[in-house]
Amino acid sequence: MSAQDEVTEFAALLRELKGRTDRSYGRLARRLGMNTSTLHRYCAGDAVPVDFAPLERFAALCGATPEERLDLHRLWLRAVEARRRPRGGAASPQVPDSTASDAPGEAGRRPPELDWSSQGRTGTVRIDDRGRPFRTSALEGLPHYEYDTLNRSWRARNN
């Protein structure tokens, strides 16, 4: 089974569970403490969460049986692994495959997104530098980046 098939199967179960409830994506997302668009991306197969905890809460809200929860966990593990596999070529040594840009030659690849919450507010931040490689750790001699929350963009930081 291809990586995309595994993610599609995972997303299909999420949509099936969501379909059992009369709640909108927005209502479910609020109950889960996440952004509505993040939940929608999970159900559409556009993103796979790095942690299973929100999926466990999602399954409970949708009335999943214990067997369905186990199935969801199994499919999530396969989808996470599928997203970690290289996609048809070597990635830049500075940028892991999962952080590849939406550049035209890299169809279907998206930069990672960070769900955040602060003082009762939540949101999602796309982590990219307009397709250019960046590092998230502060290694000696390499540029440091920080996220400018006012302008909603990454910028190089002068030390």
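Visitor: Why is Asp71 called partly exposed?

Guide: Asp71 has a relative accessible area of 28%. Buried means under 20%, exposed over 50%, and partly exposed in between (1.4 Å probe, protein chains only), so Asp71 counts as partly exposed. A word on the basis: this is a predicted model, where local features need pLDDT of at least 70, side-chain atom pairs count only at pLDDT 80 or more, and totals for chains, interfaces and linings use all residues. Residues are numbered from 1 along each chain as its sequence is written, and side-chain values use heavy atoms, leaving out hydrogens and water.

Visitor: What makes Asp71 and Arg74 a salt bridge?

Guide: A salt bridge needs a side-chain nitrogen of Lys or Arg within 4 Å of a carboxyl oxygen of Asp or Glu. For Asp71 and Arg74 the N to O value is 2.2 Å, so the pair qualifies. Both sit in helix H5, three residues apart, which means about one helical turn separates them. Helices here are DSSP runs (H or I, at least four residues), numbered from the N terminus.

Visitor: How do you know that Glu9 and Arg78 tie together separate parts of the chain?

Guide: Their closest N and O atoms are 3.4 Å apart, in a salt bridge. Glu9 lies in helix H1 and Arg78 in helix H5, so the pair joins parts 69 residues apart in sequence.

Visitor: Why is Glu6 called buried?

Guide: Its relative accessible area is 9%, so Glu6 falls on the buried side of the cut-off. Arg78, at 26%, is partly exposed.

Visitor: Which residues are linked in a network of salt bridges?

Guide: Glu6, Glu9 and Arg78 are.

Methods: Helices (H or I, at least four residues) and strands (E, at least two) are DSSP runs, numbered from the N terminus.
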